[in-house]
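Open your viewer and get ready to click along.

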Amino acid sequence: MGRKVILDCDPGHDDAFAMMLAVQHLEVLGITTIGGNCTLENVTKNALKVLEVLGRTDIPVFAGHSCPMTVPLVTAPQFHGETGLDGPVLPEPAVKAQEKHAVDFIVETVMDTDDVTLIATGPLTNIAAAINREPRIVERVTELSIMGGSVTYGNWTPTAEFNIFVDPEAAYRVFNSGLHIKMSGLNLTRQCCLTGEHVKKFREIGTKAANLAADLTDFFIGATVKSAELTGANMHDACAVAWLIDPSLVKSAQMHIDIELKGDLTRGMTVCDYRHLRGVEPEIDLHREPQMAFRGEKPNAEAGLELDFPGFMELLYRTLTNYK
Ligand code: BDR
Ligand code: CA
């Protein structure tokens, strides 16, 4: 069994793929939900529905915050439909979410269990709230793998990616908390683009999970082509999980990443110090290129840069085949 994780998500088509990978390859202690792609009520119901298809209703689901820390919730029906998981026809879940709040679950689990890794594939509201509630979790957590942000351009505004744009204050808290962050930003996840060929292969695999993957991808491709004029559907969130399962799938670089809160044009941007230029005390190192000299802000993140997409698909096909 892989590492112990808590998956915080807002399913969401690509969140469902993140769940499929995590549930089979990692020790998922719980799934926590956050208002994001759709309302908290819907994303929680969606998480329960996906777990039922995967035959893993033993994994508890905890609902978290319904909206961001300081601003109203923005949702993404143009990509995920009115339910947040349009496309597949799934029965109402037989199992309910737990009574406990997601933030309580995260804090208690991390304080009681060694070596927990957090994964976040929605807005970072629950993770920021957990750090605010119990700052010692930062020292206890192994690392946080997120889908969010971008080393290059955005998808919600020219500079901001959806998950960070929805709750920039939460993202700011998390990136400035001392947690080690693996960032699967858009620059990485755009390399994970599924088309009709992949849907065909899912249908050939034919397990319940593979059929769900096919129905989800079918809808997601249609919505993405219509709304974003892309050629396929990016399974953004699955990248943040695949990176933990097989680190050789992602090439990355350490850098300092901060969140822009004030810019009229750039609110929610992940400002990625790719070339280590920030900081007040330039360090003169004659043995290095001057512009590459490390100047002060220590890297707080590892940004994914290159995805081995064939390797990712192999992992996904294997995973869908193994679900009975
Ligand atoms: C992110 O936004 C959501 O719509 C997806 O689920 C993913 O987490 C991509 O920008
Ligand atoms: Ca998501």
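**Stop one: a side chain and a backbone oxygen**

Select Asn234 and Arg190: the side chain of Asn234 reaches the backbone oxygen of Arg190 at 3.4 Å, a polar contact (a pair of N or O atoms within 3.5 Å; within protein, one must be able to donate a hydrogen and the other to accept it, and residues adjacent in sequence count only if both atoms are side-chain atoms). Asn234 belongs to strand β8, residues 233-234 (strands are DSSP runs of E, at least two residues, and helices are runs of H or I, at least four, numbered from the N terminus). Is Asn234 buried or exposed? Asn234 is buried, at 4% relative accessible area (buried means under 20%, exposed over 50%, with a 1.4 Å probe and protein chains only).

**How to read the model**

This is a predicted model, where local features need pLDDT of at least 70 and side-chain atom pairs pLDDT 80 or more, while totals for chains, interfaces and linings use all residues. Residues count from 1 along each chain as its sequence is written, chains are lettered from A and ligands numbered from 1 in the order written, and side-chain values use heavy atoms, without hydrogens and water.

**Stop two: ligand 1**

Now select ligand 1 and show the side chains of Asp15, His80 and Asn163. An oxygen atom of ligand 1 is 3.0 Å from a side-chain N or O atom of Asp15. For His80, the distance from a side-chain N or O atom to an oxygen atom of ligand 1 is 3.0 Å. Asn163 places a polar side-chain atom 2.9 Å from a ligand 1 oxygen. Taken alone, ligand 1 exposes 280 Å², and the protein buries 96% of that (areas by the Shrake-Rupley method with a 1.4 Å probe).
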